[in-house]
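Here are my notes on this one, written as numbered points. Have a look at the model first, then read along.

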Amino acid sequence: MTLEGELVATGLEFPEGPVVMPDGSFLVVEIAGGRLTRILPDGELQTVAELGAGPNGAAIGPDGHCYVCNNGGFTWQNEKGFTRPTGVPEDYVGGSIQRVNLETGEVEVLYTQCDGVPLHGPNDIVFDNKGGFWFTDWGKKFESHMMHGALYYARTDGSLIRCAAAHLLTANGVSLSPDESIVYVAETETSRLWRYPIIGEGEVGKEPWPNTNGGQLVHGLSGFQRFDSMAVEENGNICVATLVTGGISVFSPEGEFLEFHKAPESFCTNICFGGEDMQTAYITLSGYGQLLAVRWPRPGLRLPHQSSS
């Protein structure tokens, strides 16, 4: 299947983290631009906040503010209008979780470390119905070495941040099952999708050694493919943005590979759902700086604090 639809916006600087807003607009982070951007229904772009470094994922919290995973920044290369990240900038000092007041544009840094360990490259974020949020830390890749990734849980008031699972290899997308009993994590470089049963606030059940990250393997794609962000359908299917091949891979909760929706470029990075029936998929095509809207075959799961539009 091929993703065919309408371009909602163009001219973005490596967009990710799309958020559907109730007034018909959208929010995206522009990683290469270092900002949070609102896309109006007519395609006009408005800067909400200058975030600096590398804003990578976004979600609306119970207070109406936008929470952003900031990866600390990349270096970039642009070839004939196609942009891609290439490395770590000289001014890299670590990653953070930022909170943006959408009315004023005020930016607050909420977390930069957990139990004394710095956040290396926060990537993706999802809220639960209790008002807390899960987020991934991709780690950071240098020329000679790589920092491990992890799965975290945190509260919005700054009172709790907890490492739920460590030793993940480039942890990227994160989502919850419809009943919030499972948290899913996608690894970029391994193209593996993991699941963890949630047993407490920021606590997950783990598989024993020799499993190093404690997750239960849902699926791992063959060949050279890379996973990015994800979204869950109302029926529990997991839709994972897939790089290199470029598209959306869909898996059942039991781990069956159901279908692939091919994108027009290799950096198909994020998917979210919206519309009155939740059957419009909004997909970031980051290399060429676009947000694409397509009709999806099944309804997506409505996220906490999300209104229809």
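1. Strands (E, at least two residues) and helices (H or I, at least four) are DSSP runs, numbered from the N terminus. Keep in mind that this is a predicted model, where local features need pLDDT of at least 70 and side-chain atom pairs count only at pLDDT 80 or more, while totals for chains, interfaces and linings use all residues. Residues are numbered from 1 along each chain as its sequence is written, and side-chain values use heavy atoms, with hydrogens and water left out.

2. Start with the open sheet of four strands, which run in the order S25-S26-S27-S28 with antiparallel pairing. S25 (226-232) and S28 (257-262) each have a single partner strand, so one side of each has no neighbour in the sheet.

3. Now zoom in on one pair. S27 (residues 247-251) and S28 are joined by five bridges in the antiparallel sense. Ile248 sits opposite His261, and Val250 has Glu259 as its bridge partner. The hairpin of these two strands has five residues between them, and there Gly255 takes a positive phi near 100 degrees.

4. Next, the charged pairs. Side chains of opposite charge can pair when their charged atoms come close. A salt bridge here is a side-chain nitrogen of Lys or Arg within 4 Å of a carboxyl oxygen of Asp or Glu, and the count comes to ten. Glu13, Glu30 and Arg35 are linked in a network of them.

5. Glu189 meets Arg226 at 2.7 Å, N to O. Glu189 lies in the loop between strand S21 (182-187) and strand S22 (192-200) and Arg226 is in S25, so the pair ties together parts that are 37 residues apart in sequence. Glu189 is partly exposed at 30%, whereas Arg226 is buried at 18%. The other one joins Glu108 and Arg99 at 2.8 Å, N to O; Arg99 is buried at 14%, while Glu108 is partly exposed at 37%.

6. Which residues lie nearest the centre of the second largest pocket? They are Phe74, Pro85, Trp138, Lys141 and Arg226, out of 25 lining residues. A pocket is an open set of points on a 1 Å grid over the protein atoms alone, where a 1.4 Å probe fits, with protein on both sides within 12 Å along at least five of seven lines; lining residues have an atom within 4 Å of a point. S9 (82-87), S16 (140-141) and S25 each supply at least two lining residues, and S9 gives the most, with four.

7. Finally, the largest pocket is lined by 37 residues, with Ala59, Val126, Cys272, Leu303 and Gln306 nearest its centre. Among the elements giving two or more residues to this lining are S2 (15-20), S6 (55-60) and S25.

Key:
Two strands pair if DSSP finds at least two bridges between them. Buried means under 20% relative accessible area, exposed over 50%, partly exposed in between (1.4 Å probe, protein chains only).
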